[in-house]
Amino acid sequence: MALEFAPSARSSVGLEWELALVDADSGTLRQVAPAVIERLSDDVRHRYVKPEFLRNTIEVISDVRRTVPEAVGDLQRGIAAIREVTDPMRVELMGAGTHPFGHWSRQKVTDKERYTTVVDRTQLWGRQMIIYGIHMHVGVEDRDKVLPIVNALLVYVPYLQALSASSPFFGSDDTGYASMRALLFQQLPTAGLPYQFRAWSELERYVDDMLRTGVIDDFTEVRWDVRPAPHFGTVEVRICDGASNVTELAALSALVHCLVEHLSTMLDDGRPLPTMPPWYVQENKWRAARYGLDAIIILDADGNEELVTDALPRLLRELAPVAERLGCAAELGDVADIVATGASYQRQRAVAAAHGSGPDGLEAVVSSLVAELRAGHPLPPT
């Protein structure tokens with residue numbers, strides 16, 4: 001089958017941020033997304049908000065923008081409109097990769113055929129998906145660039161996974177992972193790391209096979225961590241855990257925006273893009289999910305290794321001129337602050353430790369996440 005790739009402006013950007021709805025008093029998940037969306041104005045509902053897999057989740061979206069700050073502004077406008085509805089309901093918004101103590105057996109799926117099909121097919125794994133992420137779209141003007149950029153982005157998966165990791169707790173347990181979400185989500189049949197296709201025809205053959213055998217009904221059901229989004233004309237990066245505040249969301253989005261533009265420029269200049277064997281990519285994802293900012297990652301196809309926080313400054317220096325061109329220099333600079341202040345998974349564990357083991361500690365974690373979303377930046381883990 002022919003898989004058409006829609007035209008889009010080079011390095012245009014769009015963002016999607018999945019947020020949990022929690023009770024303002026207890027921190028438990030509130031399954032009120034349909035009621036919240038119904039009470040929004042038509043303009044807000046159509047421009048900034050979408051329902052998600054579970055009824056405890058609401059997705060805030062941006063329009064197609066030139067810069068990360070513009071796209072983040074859309075998200076802030078959407079959140080402000082949502083709060084006009086949720087505040088009187090005693091419902092708060094929470095950003096993280098997982099809810100620290102919510103249990104999957106108590107969650108209800110949004111009344112939509114595609115979501116019902118997921119649960120019917122995947123059973124326990126599908127029902128466990130109390131997870132939240134960020135999706136970043138970056139426009140690519142030439143279809144021939146898409147797969148080389150997707151393959152090259154896999155080299156940077158551990159940076160994004162480690163910096164965004166915000167799901168150390170799941171079902172009231174400390175999982176020992178910085179990102180439990182990463183390992184949960186990849187259990188779905190078409191989720192996880194993408195195949196490293198070299199030609200668009202190979203991707204079309206894959207999609208044709210998946211459609212013919214009933215694995216998917218359309219391409220949007222291919223839920224790879226990094227994927228082409230042909231209907232938008234973008235490369236979509238989905239590896240990041242949900243952010244707890246808009247400052248870190250903007251920083252991660254700037255990093256993705258700059259990486260795609262940088263790789264696109266390398267192609268223009270005839271320079272080879274970095275790639276890595278699939279087994280290294282898989283190992284890097286696991287290390288970043290397990291150890292977060294303490295992960296020793298594989299840097300290249302030769303198997304050289306380095307602590308991710310030691311490798312990161314070089315990457316940021318390389319991307320600094322790109323950030324200036326794209327209008328996100330300040331946001332890219334905030335990436336270093338994630339390392340300096342601690343990633344969300346580290347702050348969450350510190351809050352839990354300060355409030356003792358058991359329910360009190362995890363309720364305090366939810367309160368801290370709610371407070372960070374309202375503040376718009378990380379807060380000291382007290």
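## Cores, strands and a helix pair

The largest nonpolar core in this predicted model has 102 residues, and those with the most contacts inside it are Trp17, Ile58, Leu153, Leu203, Leu255 and Leu332.

Me: Which element gives the largest share of this core?
Reply: Let's start from the general idea that nonpolar side chains in soluble globular proteins tend to be buried together. Here the core holds 102 residues. Its largest share is 13 residues, and they come from helix 10.

Me: Which residues does leucine 255 contact, leaving aside its neighbours within four places in sequence?
Reply: Leu255 is one of the residues with the most contacts inside the largest core. Contact here means heavy atoms within 4.5 Å. With those neighbours set aside, leucine 255 touches Leu160, Leu163, Leu315, Leu316, Leu319, Leu332 and Val335.

Me: At what angle do helix 10 and helix 13 pack?
Reply: Helix 10 covers residues 246-268 and helix 13 covers residues 329-341. Residues of helix 10 that meet helix 13 include Leu252 and Leu255, while Leu332 and Val335 are among those on the helix 13 side. The contact divides into 9 nonpolar, 1 polar and 3 charged residues. The crossing is left-handed, the axes are 7 Å apart, and the angle is about 115 degrees.

Me: Are the faces of strand 5 buried or exposed?
Reply: Side chains in a regular strand alternate between the two faces of the sheet. In strand 5 (residues 134-139), one side carries Ile134, Met136 and Val138, and the other carries His135, His137 and Gly139. Buried means under 20% relative accessible area. By that cut-off, both faces are buried.

Me: Which residue in strand 4 stands opposite alanine 20?
Reply: Strand 1 and strand 4 run antiparallel and are joined by 4 bridges. In strand 4 (residues 91-94), Val91 and Leu93 point one way and Glu92 and Met94 the other, and all are buried. The residue opposite alanine 20 is methionine 94.

Key: Residues numbered from 1 in each chain as written. Predicted model: local features only at pLDDT ≥ 70, side-chain atom pairs only at ≥ 80, totals over all residues. Heavy atoms only, no water. Axes fitted to C-alpha atoms, helices over the stretch in contact; angles between N-to-C directions. Helix = DSSP H or I, 4+ residues; strand = E, 2+ residues; numbered from the N terminus. Left-handed = near helix turned anticlockwise from the far one by under 90°. Nonpolar A, V, L, I, M, F, W, Y, C, P; charged D, E, K, R; others polar. Buried < 20%, exposed > 50% of the residue type's maximum accessible area, 1.4 Å probe, protein only. Core = buried A, V, L, I, M, F, W, Y, C linked by side-chain atoms within 4.5 Å. Pairing = 2+ DSSP bridges.
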